[in-house]
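Colleague: I have not read a model like this before. Please take me through a few of its features, one at a time.

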Amino acid sequence: MHYIIEDLNLFRKGKVREVYDLGEQMLFVVSDRISAFDVIMNQGVPDKGSILTAISEYWFRTTESIIPNHFISSDVDDYPKSFGLEKHKEMLANRSMLVMKAKPLAVEFVVRGYLAGSGWKEYKNNGTVCGISLPTGLEEFSRLQEPIFTPATKADTGHDENISYEQSAEILGSEAASYLKDKSIQLYNYAHAELDSKGIILADTKFEFGTDSSGRYILIDEALTPDSSRFWLKSHYSPGVLQMNFDKQVLRDYLETLEWNKQYPPPLLPDYIIEKTRNKYIEAYEMITNKKWLENK
């Protein structure tokens, strides 16, 4: 499930992705690996890498008027010829992206429009989310009056750590923090409105930004995928009750039924859980893009 190209400079091997340094550009190769509770499963989810690549490309193309991004192409025929990538065409097809090289910023830009996850846990204890005071009496999954910006520090291993906006400004500088906070909320509002019209609620999402060779801020990494966002089925939405998700929640729910300590090695996954998880990713792709998944193949 790893996509190692021996004759390329492997820049980073992550939980899901291999990243190669091509000089002025980078090559992202997205695997079918899937992790839960920060543990990579031994089995992958067929087509997951291709689905995530296609969803990211969709959003990179539709949001570039809000802020430029690093996406160049996902067509192997467009990739630089000097690296011999054509001989890896079958492996790279549908699951890779050529992107501009950027210097990543050391903060993740999280926007929350609903009360869920770690935000709900903090609210129950303190009435706040990342230090931001919220009205009393909210239920789990309640929609917030306005989306809130709740940055986090990046972690190579383990969980990212939520920080305050003031802390993000100390890390990035006040001008960069203010500008990218505004851009993050603009991106969230744009995507929320579009997805709402397609029957999906964008509960929260995270963005990553970097600077290109000219120092310009650009959107990098992935964008508005089921791995970086919390999507709910709009027709099923109601505060205070469990939501219908479009991500690996099927997998997490299954793992919670096992006597597993959430440490490596992971348990063997039954075929039906892998298939149900795959179907969730396909459903997200089809609702977001208004295309059948087979049309992408």
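Modeller: Start with accessibility: a residue is buried under 20% relative accessible area, exposed over 50% and partly exposed in between, with a 1.4 Å probe and protein chains only. Phe37 is partly exposed, because its relative accessible area is 25%. This is a predicted model, where local features need pLDDT of at least 70 and side-chain atom pairs count only at pLDDT 80 or more, while totals for chains, interfaces and linings use all residues. Residues are numbered from 1 along each chain as its sequence is written, and side-chain values use heavy atoms, with hydrogens and water left out.

Colleague: Which charged end sits over the ring of Phe37?

Modeller: A charge sits over a ring if NZ of Lys or CZ of Arg is within 6 Å of the ring centre and within 35 degrees of the ring normal. Over Phe37 it is the end of Lys262, 4.9 Å from the ring centre. Lys181 lies over the face of Tyr165, with 4.7 Å to the ring centre.

Colleague: How many aromatic pairs are there?

Modeller: A pair of aromatic rings is described by the distance of the centres and the angle of the planes. Rings of Phe, Tyr and Trp (its six-membered ring) pair if their centres lie within 6.5 Å; planes under 30 degrees apart are stacked, over 60 edge-to-face and the rest tilted. The count by this rule is 14 aromatic pairs. Among them, Phe60 and Phe71 are stacked, with 6.2 Å between centres and 20° between planes. Phe60 is in helix H1 (residues 48-63) and Phe71 in strand S6 (residues 71-73), eleven residues apart. Phe60 is buried at 1%, and Phe71 is buried at 12%. Phe109 and Phe209 are edge-to-face, at 5.0 Å and 85°. This pair links strand S9 (residues 107-114) to strand S15 (residues 200-211), 100 residues apart in the chain. Phe109, Phe149, Tyr165, Phe207 and Phe209 form one aromatic cluster.

Colleague: How are H6 and H7 packed?

Modeller: Axes are lines fitted to C-alpha atoms, for helices over the stretch in contact, and angles run from 0 to 180 degrees between N-to-C directions. Helix H6 (residues 249-256) and helix H7 (residues 271-289) pack at about 150°, with axes 8 Å apart. H6 is therefore roughly antiparallel to H7, since angles over 145 degrees count as such, under 35 as roughly parallel, 65 to 115 as roughly perpendicular and the rest as oblique. Contact means heavy atoms within 4.5 Å. Val250, Leu251 and Tyr254 in H6 meet residues of H7 including Tyr272 and Ile273.

Colleague: What lies in the loop between H6 and H7?

Modeller: Trp260 is in that loop, and is buried at 13% relative accessible area. Trp260 touches residues including Phe37, Leu255 and Pro265. Pro265 is in the loop between H6 and H7 as well, and a cis peptide bond with omega about 5° joins Tyr264 to Pro265.

Notes: Helices (H or I, at least four residues) and strands (E, at least two) are DSSP runs, numbered from the N terminus. Lists of a residue's contacts leave out its neighbours within four places in sequence.
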